[in-house]
Every structure is written in structure tokens, then in C-alpha cells.
Amino acid sequence: MNEQSINKLVIVGGGTAGWMCAALISRLSENSLDIELVESDAIGTVGVGEATIPPIQVFNDLAGVDEQAFLRYTKATIKLAIEFQNWGAIGDRYLHGFGFVGRTVGSIPFQHVFLKGLSEGAAGTISDYSLNNLAAYAGRFNRLAKIEGAPLPGLVYAYHFDAGLYAAFLRKQSEARGVKRREGRIQEVLQDPETGDVAGLRMEDGSDVRGDFFIDCSGFNGLVFDKTLGVDYDDWSEWLLCNRALAVPSSSEPRSLRPYTQSIAHQAGWQWRIPLQHRTGNGHVFCDRFISEDEATRVLLDNLEGEPLKDPLSLRFTPGCRKKLWHRNCVALGLASGFIEPLESTSIHLIQMGITNLLKVFPTKGENSAKAREYNRRMRFEYEAIRDFIILHYHQTSRDDTPFWKHVKEMDIPETLRDKMTSFSESGHLYRVDEELFTEVGWLQVMLGQGLRPKQYNPLADTLCSEDVKEYLKNLRTILGATVAKLQPYPEFLKTCTQ
Ligand SMILES: Cc1cc2nc3c(=O)[nH]c(=O)nc-3n(C[C@H](O)[C@H](O)[C@H](O)COP(=O)(O)OP(=O)(O)OC[C@H]3O[C@@H](n4cnc5c(N)ncnc54)[C@H](O)[C@@H]3O)c2cc1C
């Protein structure tokens, strides 16, 4: 803290975004900042958002979360991968696993060695070289940082959890660190008449909440960025057609307790299955231009593995993001900042990125416009890179069995995605731009899984003789297979999560 530091931070909304923000900033600011969070029990939260990706572990560590207490409280399970069914073609299934796939040989990226092996009949599927994917389908898990006796990392995992319980867990921590919580409905966002900056919130009971800096976590309501500041929204519906979701929990069945998320493509969208300790989260994401809500509900309910526990919750959204995510003395996080459908479980991650990027350029009382520009540049990049990866799943398909699939297969795509797809299909070359979220192995698994086959591999792979490639791929499978065999059966591991 110095005389330039802001004194009071106001968090507008208490869903996953609001409480993640309160938890991390309160821990790192160590009482030097007055933090107040405003939320309305009557309005509630969006009530979905149960699958995550591995960087959440970094967030939890920074926020001082004890993993065992977190697993127990949030009824969490382990996620090693996402299984995609019926995406590349009806009847297809493939895994996008976290963690490594194969290993670079000298300076030759693994995919070229694999593609050479494939062309010579010496390789299995790409999943055979992923420890995560093998463990996922074998139904085995324990924490494993590296593979014993081999220069290979171990399992990389994320969680499925109850989003409401996660917010409640972080709330307890935040309040214990001095974050004030104000319950009530915000009626109006007050602006300074001279500068246009946000000055405070007028509550329904007539009281005001004043602050220096505001974080808009008000979800799809968009109280600050949309309704007050009117920050424009970039609508990505031309590429991401789905604009509706139905969510319903179902009873937990032993067969549903897989250590991975399932994503099952249907005629005009897809369905998620997320197994938690006490129930399964299900949802159907669809485009209402191609399927009615009644039909989408029927598809969802017909494809549950257990009994529905509630009526489906219906949600509408516009895929895209705000043109600015830091504007004046405000930052937007979570659904108030934008939304990309949950196909790769990236929304909670974008909240995490928003908070950590904000902490790098934390505002002061003085001039913050350079910080705001940098924040906007970085967050925009994160959003766009994820957008491209999601579009890949739709566009790269052999499906043309319904008008929806015909449309997405034939639509124009962003140039950035077109370049990546061309690079891979022409020469097997993969690249990652500026630490974008998904690495080469993520792109590799989804491109191959969706049926994109490179015309050739890099000739460097031909410096390896065929026998060596065959032996190398065989050894890798042996090591990974032996490692998986030693892991604990997943149901046994799950029992330890409840203790
Ligand atoms: C269908 C669907 C599935 C999803 N699945 C995933 C997933 O698997 N993985 C993932 O990472 N993300 C997922 N997400 C995204 C995830 O749900 C959100 O990113 C996350 O929950 C954050 O929501 P939020 O906190 O921004 O909004 P919300 O949870 O809606 O919270 C908004 C807060 O603002 C408050 N508020 C609003 N208006 C007012 C007012 N006038 N006065 C006072 N308070 C107010 C509310 O009370 C609430 O506390 C999914 C989203 C959808 C729509």
C-alpha cells in the first residue's frame, strides 16, 4: 500500500466470478484493501459451471485452498479428459486429455513421429500415447507427478465440482479474511457526473455502496458494463451458432462416475455429462434456429443416465465478449464479460485469467489507461484463442446429416483458425501463439479426433529409421500401460475425496 493505492474495491455480484475474485484479491492484498461484495439472494446465480481445466489448481493454491477440504466441500470429482462422441462422425469417439501426448524425439515434435508410424502401420491411435487418456478409459487415478523410471510427467488433472458449493467455499474464506458481503438488490449504478466513472451502487433499500474501483461480476445481467457503461459486445454467433442451454441434474449412477467429462453431439448442438460425488450435471447446448426447446428438452431427458432431479433450467446467451473488459474504473469478469459455450470448460478459467491479469496491472488512484489497454489486449487474446479452438470442433467434421452440421461444416471461419488448420493439414505442423491456453497437444488431439489428417509429416521424421520409430512407439505404450496398471481404481480414489 502507498498513497497511490486504491482504498476500496467493490465486487458487483457473488457467483463463481465474484467469489473467486474476492478470495484471491483478499488473500494477496493481506488486509491492505477494503473489499465489499454485493449480491442478491433473490436473484441468485446462473447455477451451472461444473467442469474445469488444470490451471484451476494454480488458482486454488494462490487462494490458499486446501485440496482435500475443497474436494469434500464442493462434492468434487477428478477430470482427466473430455470425451467427444459423434463429433467428427456419428459413432466416433475420442478423448481430449490433459497432460502430455508422446514425447519429442530429439528436435522432432511427437506428432511427426506418430504420423510416420501411422503411415507405416506401426502406430495406434493418438490416445495410446497419452497417460491421461489411458487412465481415463481404464477408470484409474491417483496423484502422480511423474512416471517412475522414465523422463515423462505423470497425470494432469482438473475437477468437476458443484459451482454453488465452490462459491460458498470461497465465500467462507473471503469473509474470514475481512471481505464484507452486502446482501440486496442493486437498483442503480451511480456515475460521477463529471468523469462518467462509476461512483457507487444504489441499493433497493436506498443505501449506497461507494468505491474506487468496481469489478462487474453480475453475470448475464451485465449491470455495469452493459446497462450502465454500454460497452459494446462482439457477437460471435456467425461461428458459434449455439445460443441456448438446458441444464438438469440427475441421480448419480455408478457407471456415470467416470474421471472425465462427456460431450455428446446431437442434431443441433451437444450434451454434457459431468459426474459429481452426489449427482450428475447434464446439459444440452443448442441452436434454436435448428431445434425447438421442446425437442431439445426431449433429447436431453432421453439421454440421461440417471433420474432427473429437477425440471430443466433454460438459459439464453449470445456467444462473444465485450469489446473492452476494463473500461473507466471497472473490470468485467465472468458472464458479465462475455461467454463462450462450455465445450472445453473455459469460462471459469477466463475468470481466473481475468483476476491474475488484473493483479499484474492493478489500478492505482492515478492514471490507469495504459494498464487498461494492456489488460484489454491480453484478455481479448485469451478469448479469441479459445473461440478458435471451440469453432474447430464444429467446423472440422464429416457430419452433414442435419442442416445444423451442414451449416457449421461449410461456414467461413476466422483466418487465425484457418491458418492453424491449413498448417496442420498441409504438413502436420502445429503452433501455439503467445502462450494461448490450448497447447499443441490439445490442438493435435482435437484435430485428429475431428478427422483432420495431415497430407504429410515433417521429413525430419524420416531421419529416424522405421524400425526405431516402431520400437519407440511400442516402448512408449508399454511404459504408459504399465503405469496405468499400477494406478488405483478410480472409485477407490473417490472414496478418499469424501473424508
Ligand atoms: C449453460 C452453461 C454451462 C456452463 N458450464 C461451464 C463449465 O462447465 N465450466 C466452466 O468453466 N464454466 C461454465 N459455465 C460458465 C460459468 O457458469 C460461469 O462462468 C460462472 O458461473 C460465473 O458466473 P458469474 O459469476 O459470472 O455469474 P452468476 O453466477 O450469474 O452470478 C451473478 C451474480 O450477480 C448478482 N447480481 C446480478 N444482478 C444483481 C442485482 N441487480 N443486484 C444484486 N446482485 C445482482 C447475482 O445475485 C449473482 O450473485 C457455463 C455457463 C453456462 C451458461
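Accessible areas here come from the Shrake-Rupley method with a 1.4 Å probe, and for residues only the protein chains shown count as cover.

This is a predicted model, where local features need pLDDT of at least 70, side-chain atom pairs count only at pLDDT 80 or more, and totals for chains, interfaces and linings use all residues. Residues are numbered from 1 along each chain as its sequence is written, and side-chain values use heavy atoms, with hydrogens and water left out.

**The whole chain**

Switch to cartoon. The protein chain has 14 helices and 21 strands. These are DSSP runs numbered from the N terminus: helices are H or I with at least four residues, strands are E with at least two. The C-alpha trace spans about 75 × 50 × 50 Å along its principal axes.

**The ligand**

Which of the 34 residues around the ligand come nearest? They are Val48, Ala51, Ile186, Asn221 and Ile348.

Now show polar contacts, pairs of N or O atoms within 3.5 Å; within protein, one must be able to donate a hydrogen and the other to accept it, and residues adjacent in sequence count only if both atoms are side-chain atoms. Zoom in on Val48: a backbone N or O atom lies 2.8 Å from an oxygen atom of the ligand. At Cys217, a polar backbone atom is 3.5 Å from a ligand oxygen. At Asn221, a polar side-chain atom lies 2.8 Å from a ligand nitrogen. The ligand has 1000 Å² of accessible area on its own, and the protein covers 97% of it.

Pick out α1 (16-29) and α8 (347-360), the elements that give two or more residues to the shell. α8 gives the most, with three residues.

**Ser40**

Move to Ser40, in the loop between β2 (34-39) and α2 (56-62). Is Ser40 buried or exposed? Ser40 counts as buried because its relative accessibility is 13%. A polar atom of the Ser40 side chain lies 3.0 Å from the backbone nitrogen of Ile43. Finally, select Glu183, Gly184 and Arg185: Ser40 touches them, not counting residues up to four places away in sequence. Contact here means heavy atoms within 4.5 Å.

Notes. A residue is near a molecule or strand if one of its heavy atoms lies within 4 Å of it. Buried means under 20% relative accessible area, exposed over 50%, partly exposed in between (1.4 Å probe, protein chains only).
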